[in-house]
Amino acid sequence: MKRFAIFLAFASCSVAAFAQTWSLGDCIQYALDQNIRLRQQQINVENAEVNLLTTKLSRLPSINGSASEYYNIGRAQNREGITVDKGSAQTSFGVNASLNVFQGMKILFQTKADKLSLAAATQDLEQARQDLSINITALYLQVLYTKEEETVARKKIEVNMDMLEKTRKMVEAGRSSESELYEAESALAAAQSALIDAINSRQTAILDLAQAMNYTEYVDFDIQTPEADDIVTSAIMSVAPVDTVYNDYIVRRPSVKAAEFRLQQAQRNVKVAQSSYYPSLNFGASYSTGYYSMQAMASGNGSFWQQLNQNGSPSIGLSLNVPIFNKLQTRNSVRIAKNNVRNQQLALEQEKLSVYKEVQQAYVNAMAAYHKYLAGLKSEAAAIKAFEFEKMKYESGRSTAYQYNEMNTKMANASSQLAQAKYNFLLRAKILDFYRGEPLY
């Protein structure tokens, strides 16, 4: 008994003395800041921004410079084109620029498609943030439930210790047999074992929450315990019918918005593919010059800088490319793009259907949990009355320690089931409120 008291003192004081208590909002915000999957999703958004910028900048001209140096050893052509037995060296420099004047509006359509791709990636990020927030909320409420389970287990030990003390006095007074004392001691030991299990469950739940947050200081971590009974009363008042929740949520659901953006992107990609049917017009400009010399060449070639100035050759021009036949590649690209539109339409329809099922299931689960909570209230009240009656019978010698402990166990089980129903309902109600635009904290 003394060792068990030391264990309980350590398990309780270690949390109270060193733990840093976090609210639900603190847990969600920390998880959003530290989650690796969200960081990866953010990189996807940044890549989409880069792709959009690249498409926009493709309207600008491209400019390139070039330089070359060639040596001919032994025999080479002179400036008149005659081959002589002399080595030569030739240096050339050039710069050219090209500009896409018209490509069948391809850049315009591609820019619009890339904007929609960026919008979809942004909504994917927001959906991941929402999913993580709901997961953290569920784990947070699980910790609250295990804490209440631990409280119930501690109360059960108090009752068993009181029963053991009363049984010992009754045995000493000759009003009860020693077997009753053994039964009371066994019941206390079972209650102590149940408390150890409850403490382990609470610590595991806290660990699960901390790991989901990517919080490594597990020893110094604990959460705040709100008054849940008042929350249940207010939560049931905010539960709306399925269609009301769905209509509110469908216009804000990030995954639905992402599917809509991807459908629009697919439609723009059809225009991108069709642009290859049109002629393309390019503008080009260049300037080149060079220096030429031969071994033992007489004067007259001019110096390096003189030749560069004399040999300059600027040019400008337009090139028109008219597609006539490209092995049906353009037609097939258009067909694939149109098929992708149909695929994205189905994906959007499937996403809306999934959201409706999700809302419908959340509503059914919330109402089931609430009715179970109401039943739990009645069950706990009845179990408490039965226990009080059994307690009076036991103290008057009209009941046994086994019967007394059975009523105590039933009362503890009723309290445990009530706590489970309460936090299960709170989770479902919070999710429904979140669907309607209410914050989780």
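**Figure 1. Overall view of the predicted model.** The protein exposes about 25,400 Å², of which carbon and sulfur atoms supply 54%. Eleven helices and eight strands make up its secondary structure. Of its 441 residues, 37% count as buried. Among contacts between residues at least 6 apart in sequence, 84% join residues at least 24 apart.

**Figure 2. The largest nonpolar core of the protein.** This core has 71 residues, and those with the most contacts inside it are Cys27, Leu209, Met213, Phe221 and Tyr435. Its largest share, 13 residues, comes from helix α4, residues 106-172. Another core, of 22 residues, lies apart from it; among its members are Ala198, Phe387, Ala401 and Tyr404. In soluble globular proteins, nonpolar side chains tend to be buried together.

**Figure 3. Surroundings of Cys27.** Leaving aside residues up to four places away in sequence, Cys27 touches Trp22, Ile136, Tyr140, Leu209, Met213, Phe221 and Ile223. Three of these partners, Leu209, Met213 and Phe221, are listed together with Cys27 among the residues with the most contacts inside the largest nonpolar core.

Figure 4. Leu38, Gln41, Val45, Ala48, Leu52 and Thr55 are buried in α3. These residues cover an arc of only 95° around the axis, so they lie on the same side of α3. An α-helix has 3.6 residues a turn, so residues three or four places apart point the same way. On the other side of α3, Ile36 and Thr54 are exposed. The buried residues of α3 pack against α2 (24-34) and α4.

**Figure 5. The N-terminal end of α3.** Asn35 caps this end of the helix. A side-chain oxygen of Asn35 lies 3.0 Å from the backbone nitrogen of Arg37.

**Figure 6. Thr330 in helix α10, residues 329-395.** Thr330 has a relative accessibility of 8% and therefore counts as buried, the cut-off being under 20%. The side chains of Thr330 and Asn326 are joined by a polar contact of 2.7 Å. Not counting residues up to four places away in sequence, Thr330 touches Ala273, Ser276 and Tyr277.

How values were computed: Residues are numbered from 1 along each chain as its sequence is written. This is a predicted model: local features need pLDDT of at least 70, side-chain atom pairs count only at pLDDT 80 or more; totals for chains, interfaces and linings use all residues. Side-chain values use heavy atoms; hydrogens and water are left out. Helices (H or I, at least four residues) and strands (E, at least two) are DSSP runs, numbered from the N terminus. Buried means under 20% relative accessible area, exposed over 50%, partly exposed in between (1.4 Å probe, protein chains only). Contact means heavy atoms within 4.5 Å. Accessible areas come from the Shrake-Rupley method with a 1.4 Å probe; for residues, only the protein chains shown count as cover. A nonpolar core is a set of buried Ala, Val, Leu, Ile, Met, Phe, Trp, Tyr and Cys residues joined through side-chain atoms within 4.5 Å. The arc is that of the directions from the helix axis to the C-beta atoms. A polar contact is a pair of N or O atoms within 3.5 Å; within protein, one must be able to donate a hydrogen and the other to accept it, and residues adjacent in sequence count only if both atoms are side-chain atoms.
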